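Have the structure open as you read.

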Amino acid sequence: MGLLLKIFIPLLGAALAFYFYSAPQNFSEEMLRGKRVIVTGASSGIGEQMAYHLARMEAHLLLTARTEAKLQKVVKRCLELGAASARYVSGSMEDTTFPRVVVKEAENTWGGLDMLILNHIGYSYFKYFDGDVEHVRKLLETNFLSYVAMTVSALPLLKESEGSIVVVSSMAGKSSGPFTAPYSATKFALDGFFSSLRQEFIIDKVNVSITLCILGYIDTENAVRAVSHAIRVKPAPKEECALEIIKSGVLRQRELHYPFSTVGTVILLKAIAPEFLDFLTRNSYDVEKIER
């Protein structure tokens, strides 16, 4: 069975990738030149890599995260790479006033905004759910409610520029697996809210795109530290992931599935064989190594 799964999953993913993505992509780096972009969660991981890509494309950057010292280093590097401008606002998304502070900084600095990339995330464990309701509540505030608050604050500027909202989510927000119940709940919430909002924009003829990025296992330091001891999957590179997120936002795609061979397969199997998908998911973990 193990050998069959190793052969079946990559082949199915490759077939899906060819079917859905064989059309030529029209992305060019010039599309970002001079654009005004907010990136949250930009001090490390995927957010940091997005900042560097955007800097090379000569965008104006406003970066946010909790740790000021890390942000200072990222901003310095962005300027070295050629960013049209780069600045930061440090703070926690647990603070309900922080989203307004960030957007106001963009408005005061640039007079507008072209792209909002929501990428920040709160800490969550990788283990059996232990009944901690307060942890779920806190995680929803950071991973979901602050995304809504950032969007509400930025929407007047984005409507004016006919800009884009890019929401970094997870495969855990499309198909639930074990050991991530609080995290998965927040990602499903993102899908529900932003997919609904997209429909309202279309009805009201609001020309602001919403791209939902469904990511698999990426080789960020936090992700590898959390799950590498128990998952039988090789992570995808954060640098490539970051670039694909930017491309999908610029091209105003409905969703990004990355890496497609994994995420596309999961979404298809959920639709046609959900119990088989659950079986595959459970068998991708060394459950003996999971904390209770």
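## Ground rules and the cores

A nonpolar core here is a set of buried Ala, Val, Leu, Ile, Met, Phe, Trp, Tyr and Cys residues joined through side-chain atoms within 4.5 Å. Buried means under 20% relative accessible area, exposed means over 50%, and partly exposed is in between (1.4 Å probe, protein chains only). Keep in mind that this is a predicted model: local features need pLDDT of at least 70, side-chain atom pairs count only at pLDDT 80 or more, and totals for chains, interfaces and linings use all residues. Residues are numbered from 1 along each chain as its sequence is written, and side-chain values use heavy atoms, with hydrogens and water left out.

So which residues have the most contacts inside the largest nonpolar core? They are Leu61, Leu63, Cys78, Leu215 and Ile245, in a core of 38 residues. Helix 2 (residues 45-56) gives the most to this core, with 6 residues; helices (H or I, at least four residues) and strands (E, at least two) are DSSP runs, numbered from the N terminus. Another core, of 37 residues, lies apart from it and has Val167, Met171, Ile210 and Leu212 among its members.

Back to Cys78: leaving out residues up to four places away in sequence, Cys78 touches Ala51, Tyr52, Ala55, Leu61, Leu63, Ala83 and Ala86. Contact means heavy atoms within 4.5 Å.

## Ala242 in helix 8

Ala242 sits in helix 8 (residues 238-250) and counts as buried, at 0% relative accessibility. Beyond its neighbours within four places in sequence, Ala242 is in contact with Ile46, Gln49, Met50 and His53.

## Aromatic pairs

The whole structure has 7 aromatic pairs. Rings of Phe, Tyr and Trp (its six-membered ring) pair if their centres lie within 6.5 Å; planes under 30 degrees apart count as stacked, over 60 as edge-to-face and the rest as tilted. One of the pairs is Tyr128 with Phe179, edge-to-face at 5.0 Å centre to centre and 75 degrees between the planes. Tyr128 is in the loop between strand 4 (115-118) and helix 5 (133-161), and Phe179 in the loop between strand 5 (164-170) and helix 6 (181-203), so the pair ties together parts 51 residues apart in sequence. Tyr128 is partly exposed at 27%, while Phe179 is buried at 8%.

Phe179 also pairs edge-to-face with Tyr285, at 5.5 Å and 85 degrees. That pair links distant parts of the chain, 106 residues apart, with Tyr285 in the segment after helix 10 (274-282). Tyr285 is buried, with a relative accessible area of 13%. Ring pairs join Phe126, Tyr128, Phe179 and Tyr285 into a cluster.

The charged end of Arg292 sits over the ring of Tyr128, 4.0 Å from its centre. For this, NZ of Lys or CZ of Arg must be within 6 Å of the ring centre and within 35 degrees of the ring normal. Lys127 lies over the face of Tyr125, at 4.9 Å from the ring centre.

## Helix 10

Which residues of helix 10 are buried? Leu277, Leu280 and Thr281 are. Seen down the axis, the buried residues of helix 10 fall within an arc of 100 degrees, so they line one face of the helix. The arc is that of the directions from the helix axis to the C-beta atoms.
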